[in-house]
Amino acid sequence: MTARDCLVIAHRGASSYAPENTFAAFDLALNMGARHLELDVQMSRDGHLVVIHDDLVDRTSNGSGAVAGHTLAQLQSLDAGAWFDAKFAGERIPAFTALLDRYRGRAHLHVEIKGKTTGLSERTADLIRARDWSGNVTMTSFQKDKLEALRAHAPELPAGWLLRDIDDGTISEARRLGITQLCPRADSVTLELVARLRDAGFNVRAWGVSNEEQMRRMVDAGVDGMTVNFPDKLIAYL
Ligand code: G3P
Ligand code: CA
């Protein structure tokens, strides 16, 4: 593998420059030349999937309270851009279905099952299938139970496990679940770890890359891809 093979995955869109998990951030990432978009899904009170990272709307909108305590209409009435910069006022929390429709044929999605709601994995997979996105997604989660539910319900969708620490136990558990990608945190990544995971048959994708020095270190370690908030810088480096 050469450095050029390293996948550039825009983390919550180009989230260094635009409000995370909004169309503005995803559009900008595509305009910068990224073709892989990472996003987080949660479920609204009335069972719709929305693209937002936190369990609460407080940090990334002008609202307050739990995502799961709002209906889709309530969530979409919030401003999800002005907290970042006044020029993004009016950005909305995207419905997952609207995002699938907007980026059809233009991106590969790394969909993180972020919410804790029962049935979230299955509902996400069903929408991906219904909109014919199955060949262009990688499903991820930190939550093993959500990955287990996903693998049982939609074994055709490739899955990555986001991990803070990787040991022999997690490697064998990942194998048991049929997970093909392991996602170590950037500050745990070494050449040796990448070689070990690759020898064990996994694709290796780093997360938590917080600066350009770390970004370069991931490339040198030979990861298959990484999420970055600044896709333009990784594209330029590669
Ligand atoms: O790339 C995965 C990364 O998104 C995981 O962390 O907290 O940003 O969802 P977080
Ligand atoms: Ca995420």
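Student: How far does a polar side-chain atom of Glu112 lie from an oxygen atom of ligand 1?
Tutor: This is a predicted model, where local features need pLDDT of at least 70 and side-chain atom pairs count only at pLDDT 80 or more, while totals for chains, interfaces and linings use all residues. Residues are numbered from 1 along each chain as its sequence is written, and side-chain values use heavy atoms, with hydrogens and water left out. A polar contact is a pair of N or O atoms within 3.5 Å. For Glu112 and ligand 1, the distance is 2.9 Å.

Student: Which residue has a side-chain N or O atom 2.6 Å from an oxygen atom of ligand 1?
Tutor: The side chain of Glu38 has an N or O atom 2.9 Å from an oxygen atom of ligand 1. The distance of 2.6 Å belongs to Arg205.

Student: How many charged residues are in the shell around ligand 1?
Tutor: Asp, Glu, Lys and Arg count as charged. The residues around ligand 1 (a heavy atom within 4 Å) include Arg12, Asp40 and Lys114. Besides three nonpolar and three polar residues, the number of charged ones is six.

Student: Which residues coordinate the calcium ion (ligand 2)?
Tutor: Donors are N, O and S atoms within 2.8 Å of the metal, or 3.2 Å for Na, K and Ca; water is not among the atoms, so sites may look incomplete. In sequence, the donor residues are spaced E-x1-D-x71-E. At 2.1 to 2.3 Å, the calcium ion is coordinated by Glu38 (OE), Asp40 (OD) and Glu112 (OE).

Note on methods
Chains lettered and ligands numbered in written order. Polar contact = N/O pair within 3.5 Å; in protein donor to acceptor, adjacent residues only side chain to side chain.
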